[in-house]
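Hello,

Here is the structure I promised to pass on to you. Have a look at it first, and then read on for what turned up.

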Protein chains: 2
Amino acid sequence: MNYYTISQLAEQFDISTRTIRYYEERGLISPIRTESGQRLYTKKDRAVLKLILRGKRFGFSLEEIHEMISLFDNDRTGRKQLEKTIAYGEQKLKEVTERIEDLMQLKQEMESILADFRERLQKLEGSE
Amino acid sequence: MNYYTISQLAEQFDISTRTIRYYEERGLISPIRTESGQRLYTKKDRAVLKLILRGKRFGFSLEEIHEMISLFDNDRTGRKQLEKTIAYGEQKLKEVTERIEDLMQLKQEMESILADFRERLQKLEGSE
DNA sequence: ATTGACTTTTACGTAAACGTAAATTAAAAT
DNA sequence: ATTTTAATTTACGTTTACGTAAAAGTCAAT
């Protein structure tokens with residue numbers, strides 16, 4: 001397994017190194033360190049970073065994303081733990097589903113507005 | 001046509017009056033005023049507010065939302081104007097479509113993780 | 001070995017999106 | 001008529017999510 005440096009990840013995702021370090025400050029990502037203290041990121045870290053950025057695009061706060069990440073990465077062995085995790089996951093899934101429906105409605109509206117504008121343009125072109 | 005007061009809208013959408021005034025500061029909404037200076041909101045204003053809040057849930061900035069609102073509300077008569085508006089609208093529509101696809105992928109992933117957890121729970125219950 | 005690119009921590013700065021408080025005025029209720 | 005409730009403006013405060021700069025150490029290349 002090989003590693004990424006912080007600037008490599010930064011370039012890949014077109015974000016700053018400061019941003020990546022900030023996510024670490026907030027406990028969202030935990031790279032290992034070399035003897036000298038340099039951060040090294042695994043593929044898994046990279047995947048987590050990708051998740052964070054996607055969450056951000058949907059308007060989730062880092063805090064919310066943090067919670068969602070812990071879904072993946074905690075080893076939840078106990079039965080109670082599992083049940084709690086599932087309940088939380090179902091809740092989040094519901095939220096995501098609602099957002100999708102909401103977005104699709106927005107899309108519809110935008111499409112109908114666009115159709116209206118296109119029609120207006122047609123009429124203008126016709127009367128030329 | 002009847003009007004809403006600011007606190008009525010605030011209650012309906014579960015936001016603060018400060019928030020609504022802030023949107024006005026930013027030019028997103030423009031209620032009329034009584035003689036004494038009290039804000040009065042029409043149904044249309046209410047619809048705009050709803051739009052703002054929906055935009056926010058998708059992670060759009062107030063600035064972006066501002067631009068999108070002007071799509072609805074400007075009377076764009078000229079041909080050039082219409083073409084620009086349509087182009088902008090198509091762009092935004094594309095963004096929304098991408099977000100939907102992105103969200104659906106997230107949903108899939110969450111579902112498969114949940115399925116995994118449920119399976120684990122089953123095994124635990126079975127071995128009881 | 002030295003230059004240059006990269007990394008680290010520390011720490012102050014900032015824009016967006018409000019919160020909150022104060023002082024004042026107006027509307028609604030008793 | 002007078003409380004109570006709601007509204008206004010002004011203005012400073014706060015949180016989130018980073019930006020930016022400084023000082024110092026490290027890695028890669030010539």
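A word on conventions before the rest. This is a predicted model, in which local features need pLDDT of at least 70 and side-chain atom pairs count only at pLDDT 80 or more, while totals for chains, interfaces and linings use all residues. Residues are numbered from 1 along each chain as its sequence is written, and chains are lettered from A and ligands numbered from 1 in the order in which they are written.

Back to DNA strand D. At least two residues of the nearby surface come from each of α2 and α4 (62-73) of chain A and α1 (6-13) and α2 of chain B, and α2(A) gives the most, with three residues. (Helices are DSSP runs of H or I with at least four residues, numbered from the N terminus.) By class, this surface has three nonpolar, eleven polar and five charged residues. In that scheme Ala, Val, Leu, Ile, Met, Phe, Trp, Tyr, Cys and Pro count as nonpolar, Asp, Glu, Lys and Arg as charged, and the others, Gly among them, as polar.

Now for DNA strand C. For the surface near DNA strand C, α2(B) gives the most, with three residues.

How do the two protein chains relate? Chain B superposes on chain A by a rotation of 179° with 0.0 Å of shift along its axis, at an RMSD of 0.3 Å, and that is the relation of a two-fold axis. The superposition is by least squares on the C-alpha atoms of residues with pLDDT of at least 70 in both copies. In chain B, Gly59(B) has the C-alpha nearest the axis, 2.0 Å from it.

The chains also touch: 33 residues of chain B are in contact with 33 residues of chain A, contact meaning C-beta atoms, placed from the backbone, within 7 Å. On the chain B side, α5(B) brings the largest share, 27 residues, and the classes are 17 nonpolar, four polar and twelve charged residues. The copies meet through the same surface, because 100% of the interface residues of chain B are also interface residues in chain A.

Best wishes

How values were computed: Two residues are in contact if their C-beta atoms, placed from the backbone, lie within 7 Å.
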